[in-house]
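I opened the notebook today to look up strands and aromatic rings. Here is what I jotted down along the way.

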Amino acid sequence: MKKILTTLAAALCCAMTTTVFTACGSDDDDNGNTPKIVGYQVDYSVSFPETVYSLSANADCGNLYLLFDKMEIGYIDENGQEQREVVNNKQWSKTVIYKKNVTCPLTLYLTKPASIDVESLPYEKYDLGVTATPTSLLDGITVLYSDGTKSKPKMDHIDISSSDYSYAVPKSKLVDYLSIFRTEVNIMTIQLAL
């Protein structure tokens with residue numbers, strides 16, 4: 001009888017051990033089924049308002065960018081190559097899906113005006129003004145998962161930086177200022193990590 005009880009206890013112990021290992025194994029399987037990030041959808045949007053509030057002038061000014069003959073946006077496409085598109089009607093937008101780690105500068109390329117009729121300009125001062133998304137709050141970015149679902153991103157996978165400065169130029173000095181103004185301006189840089 002003692003042998004039967006010992007054998008029964010050993011069998012029960014083996015059955016419980018198997019249950020524990022099976023339960024642990026199923027936890028690992030659940031983690032393997034968790035959707036993985038497979039890409040990011042970035043909805044770019046850039047606009048140039050007619051009027052800019054200038055901190056340095058403490059007043060509304062004209063938008064200096066609108067004085068250029070041509071504005072183009074340089075962006076990184078889904079293959080990691082820079083593309084350029086012309087800004088029409090003071091705005092530009094594009095949706096790109098990235099499926100790998102990438103650094104995406106958004107660059108404004110400017111063509112300087114051949115001449116400016118300063119006297120006909122409506123504002124006394126001009127400053128730089130651009131509104132762009134994605135924003136530092138990650139508006140304009142969507143995470144894409146392996147199961148087809150989407151969500152808003154978390155800060156630990158994305159970094160957005162931009163250069164923002166303000167300097168009101170009196171219209172009497174615009175010709176000199178534009179002659180030395182750089183023709184490539186970084187609007188923002190986005191770093192995406194899968």
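I count two strands as paired if DSSP finds at least two bridges between them. Strands (E, at least two residues) and helices (H or I, at least four) are DSSP runs, numbered from the N terminus. This is a predicted model, where local features need pLDDT of at least 70, side-chain atom pairs count only at pLDDT 80 or more, and totals for chains, interfaces and linings use all residues. Residues are numbered from 1 along each chain as its sequence is written, and side-chain values use heavy atoms, leaving out hydrogens and water.

Hairpin entry. I looked up β4 (residues 70–76) and β5 (residues 82–86), and found antiparallel pairing over five bridges. I73 has E85 in β5 as its bridge partner. Five residues separate the two strands of this hairpin, and G80 in the turn has a positive phi of about 85 degrees.

Ring entry. F68 and F181 make a tilted pair, 5.7 Å centre to centre with 45 degrees between the planes. F68 sits in the loop between β3 and β4 and F181 in the loop between α2 and β14, 113 residues apart.

How values were computed
Rings of Phe, Tyr and Trp (its six-membered ring) pair if their centres lie within 6.5 Å; planes under 30 degrees apart count as stacked, over 60 as edge-to-face and the rest as tilted.
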